[in-house]
Amino acid sequence: MEGNKAGVGVVIIIAIVVALSFSYVLTTPTGSQKQTIPSNPAYTNTTYLWADAAGWNFNHGVVNPTLNYTVGTVVTFKVTEADTAPHTLTINPGGSVSNPISGESRSGAYTVLSIAQITQTKGHQSQGQFYFSKPGVYTYWCTVHPTTMVGLIYVNSTSGSSSATVAPQSVLSGPSNINPNLQYSSYLDMYTISGTAGGTFEL
Amino acid sequence: MEKKTKIEAIFMLLIIVILGIFAAQQAYVSAHEIPNSIATQYKGNESGATQIHVIGAQWSWTFIYANGTKSVDNLTLQANTTYQLVVTSQDVIHDLYIGHIGVQIYAVPGQTNTLTFTTPNHPGQYFFECVEYCGKDHYLMRGIMTVT
Amino acid sequence: MSTLSILIETTVILSVVFVVLAYLYYKLSTAKMSLSKAADAKGYEDSESYVTDMMAGKPRRLDWSILYMNDSKSIGLRFIFASLIFLFIGGAFGVMMRLSLTEPVPTIIQPEVYNVLLTEHATIMIYLFTVGMSLGLGFYLIPTQIKAVRDNMGNITSVAFWLYLVGGIFFVISRSAFRWYLYPPLSLQLAPYGAGSDAWLGILAMELIFIGISMASIVALKIIFLDRSKEVPLSRLPLFTWSIVFTLIMLISSDPPIMVALGMLFYDYFNPVFFTAGSHNVLLFTDLFWFWGHPIVYIAILPFFGIIYELLPRFSGTKIYSYNSGVFGLGLLMVLSELVWGHHLQNSGLGLNWDLFFSIASFAVVIPSAITVFNWIATLWTATSIRLTTPMILVLNGIIDFIIGGITGVMLANTSVNEILHGTYAVTSHFHYVFVGISLGITLAAFYVLFPTFSGGRTYDERLARWNAYLVAFGSLLMSTSWAIGGWLGMPRAVDGYFAWFQPYQVGAIIGGVIIGIGMLVFLYNIAVSWWKAPSTDMDNIIENPPEIPSDTSGGAIGGGR
């Protein structure tokens, strides 16, 4: 008799639909990307950074230093937590990140060290690697404090290298053709955030 | 009048009287200067209030003090002083919330909201948070306010 | 996986889907045709009226024919069971959110996923579950209650249902993360750290849902006012029908602003002019939203007040204390719901005058709520014999939860207190008291009461049903009370991590949430097991076929009871 199975049918349909939508939503892409680090890089480098909400290397020399590498370098970043705030070390080869309206995707943005890795314990040092395969201007910043903790990386080409360069682009000024109406508040024009490197970054 | 109607009328009158008392009380508290009451966004710029500009961004709070120095996710204030917060946002709607001293004000892009409050008498540490959902790392938009 | 294999697999899957759809279409259209032929043979112009007449006085049970029959009862069953599915999806998301908060830092799920769960839990529960269940119970019960003489706009309601369903599916697929009130500019940010990469689909989905429920509401109002039997004048309309009338008026009068606002928001993806920071108009959307957003939370409870009004007399063996003040309370709730939207926007810079206006208007909402609760309590007070069956336990729990939720709610309306509690878990606890107690609890009560009709004369397992009721009631109380305490200490809501000193309150809420989840699993098990048994009773239910109530000559307060 069909009616006998109707209740079980309802329950089974509910279970299937719930399981499907559940697994679908739980597999939301979380934006983490994989980068292949060559085992035999041309150059290696180790860079020490202090993560402070007021700026990279705040109280430790030049604030938000401009970093210079040669193309083909695998850089080991050793980041020390200088306050107790959450930070990330994210590197982007020229792409825009912060156009709030256009929804410009941070394609190419790579988080070297996540909030979980840079534990919010003062003095804790964590390390991660990034491989600079193309010459150009990169930006590095903290996704939690993108206004203060942001700096430039210049990757110089070796002689004879003809691979495409990465176009310089500021983290905080995205392409304006998509949203001509976006203006930041006047307070951001009045004050420049301290310690930005060489006045490259305008707010 | 029937007995039922009487009971209901008395009940409704009682409720309206209680509500009226509450409404009058809160109108008075909100509109008047009460010593040691919680902060209010409705007071104007009182004489002697120190201005602090606050900028919300995804996902940090930047405080710009009167002398031009800045701090991020960290607010240091003098005890027993009156401050005026001038709050705005550079991307999406945020909401600055310092629960212990009753400070709560929206940070709206393209708009400034002001709020005047007096810090407590005794030094101490308080937390502040963003309480308007503002994207992925919304929960990290928080910090410590130190009263010295 | 190579491109070729993906293409082959997609082709095979699509072919299978199309074959299944074609078969379903064939089955449905032939069934529909035979229905029309039968209607023609009996001299009916439209098959819906034929179905209605054929089923007049007969209870409607659940079977596959609800998918193609367009009479009110079939569509009501469609809405009821679709929203039941959405209830379980939203509930699963809610429990998952709780489970991820065991530690102060994100544990099992990432913040992106948490935000999607947060958005979908709220949206599914409010727009799809409560509104769907309200419309479903309305379409299912009202034709009997008003002894409808005509039911000839079923095809429009059917379209409305499918729009609602497609909107719901789109919303789940969109994986958007703008919360249920989609404030711009956040909702205009797409991947990866804004509202989710397919937020535009979420906005389209909401628009579809609103179109669907508006159409269904208009048809339902037409049925109530124009197709009512002469035997049921407005002065004797059952209270459940009144509650549905007020709900539908609220729906129709308040959702044009949000539909317009959603259209403007969608346009902003292509040409951002309306709600961007540069337009200095960001808060305009919040006003347009809450003009709808506050009535929607009343829409989510008003029909369940009506169900309480129907169930209380049945289980306490007396009439409702005062029919007139019942109608008056529900109607006043409808009017006041349109005047209080600004209390969601306190602290955003509306200014003292408006904040005080909205605050005092919110105080005034206590008056109709108190009239309603007083009416229930007076009914219980004057009752001769109260039968504590499972639906009655759920009704009593709903009344208690509504009192707690209402009192914590009126606290939030105070402008000064609002500065401390706005945006904290105190708000979450307030509306979860009401929603779990009234919307979920009364849905379960109504489902248990209607179960013999749905299942064709089977009875639910009373012991399992009681476990379900007790678990949901206790879990809700534990969860919301933990939130209330944490919220008064300043625990912000909608976060994937928190300061470590809030952990005890979060853990309390996690335990409560899991208990509710277990309670709902008991409910599912109960349905499956009870439906498996042979029919043991008739298909009547006490809402549609009320037993004779001993005559109470005193009547209602002003014009006599019903």
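User: How far apart do the C-alpha centres of domain 1 and domain 2 of chain B lie?
Analyst: They lie 38 Å apart. Domain 1 of chain B covers 1-32 and domain 2 covers 50-147; domain bounds come from an automatic or database domain assignment. Before going on: this is a predicted model, where local features need pLDDT of at least 70, side-chain atom pairs count only at pLDDT 80 or more, and totals for chains, interfaces and linings use all residues. Residues are numbered from 1 along each chain as its sequence is written, and chains are lettered from A and ligands numbered from 1 in the order in which they are written.

User: What strand order does the open sheet in chain B have?
Analyst: The order is E3-E2-E1-E5-E8, five strands with mixed pairing. Strands pair here if DSSP finds at least two bridges between them. Strands (E, at least two residues) and helices (H or I, at least four) are DSSP runs, numbered from the N terminus.

User: Which strands stand at the edges?
Analyst: Strand E3 (70-72) and strand E8 (113-118) of chain B do; each has a single partner strand, so one side of each is left without a neighbour in the sheet. The twist averages 25° from one strand to the next. Axes are lines fitted to C-alpha atoms, for helices over the stretch in contact, and angles run from 0 to 180 degrees between N-to-C directions.

User: How many bridges join E1(B) to E5(B), and in which sense do they run?
Analyst: Seven bridges, parallel, between E1(B) (residues 50-57) and E5(B) (residues 82-89). Ile52(B) has Leu85(B) as its bridge partner there. With E2(B) (residues 60-64), E1(B) runs antiparallel over five bridges, and Val54(B) is partnered by Phe63(B). E1(B) and E2(B) make a hairpin with two residues between them.

User: And E5(B) with E8(B), parallel or antiparallel?
Analyst: Antiparallel, over six bridges. Val87(B) stands opposite Asn113(B) in that pair.

User: Switching to chain A. What is the strand order in its open sheet?
Analyst: E2-E8-E7-E4-E5, five strands with mixed pairing. Its edge strands are E2(A) (67-70) and E5(A) (110-113), each pairing on one side only. Neighbouring strands are turned by 30° against each other on average, direction ignored. E5(A) runs antiparallel to E4(A) (residues 89-92), joined by three bridges, and Leu89(A) is the bridge partner of Leu113(A).

User: Back to chain B. How many of its residues are in contact with chain C?
Analyst: 48 residues of chain B, with 48 residues of chain C. In contact means that the C-beta atoms, placed from the backbone, lie within 7 Å. On the chain B side, the elements giving two or more residues are helix H1 (3-31) and strands E6 (94-98), E7 (103-107) and E9 (124-130).

User: Which of those gives the most?
Analyst: H1(B), with 15 residues. By class, that side of chain B has 25 nonpolar, 14 polar and nine charged residues. Nonpolar covers Ala, Val, Leu, Ile, Met, Phe, Trp, Tyr, Cys and Pro, charged covers Asp, Glu, Lys and Arg, and the others, Gly among them, are polar.

User: Chain C now. Where are its domains divided?
Analyst: Domain 1 is 63-300 and domain 2 is 304-544. Their centres, taken over C-alpha atoms, are separated by 19 Å. The contact takes 42 residues from domain 1 of chain C and 41 from domain 2. H3(C) (72-99), H4(C) (111-145), H7(C) (239-268) and H8(C) (282-299) each supply at least two residues of the domain 1 side. H7(C) gives the most to that side, ten residues, and the side counts 28 nonpolar, twelve polar and two charged residues.

User: At what angle do H9(C) and H15(C) pack?
Analyst: About 45°, with the axes of H9(C) (residues 302-316) and H15(C) (residues 425-454) 9 Å apart. The two are therefore oblique to each other: under 35 degrees counts as roughly parallel, over 145 as roughly antiparallel, 65 to 115 as roughly perpendicular, and the rest as oblique. Residues meeting there include Phe304(C) and Leu311(C) from H9(C), and Ile438(C) and Val449(C) from H15(C). That contact has nine nonpolar residues, one polar and no charged.

User: How do H9(C) and H12(C) cross?
Analyst: At roughly 10°, with the axes of H9(C) and H12(C) (residues 366-381) coming within 10 Å. They are therefore roughly parallel. Among the residues that meet are Phe305(C) and Leu312(C) in H9(C), and Trp376(C) and Leu380(C) in H12(C). The contact divides into six nonpolar, three polar and no charged residues.

Key. Two residues are in contact if their C-beta atoms, placed from the backbone, lie within 7 Å.
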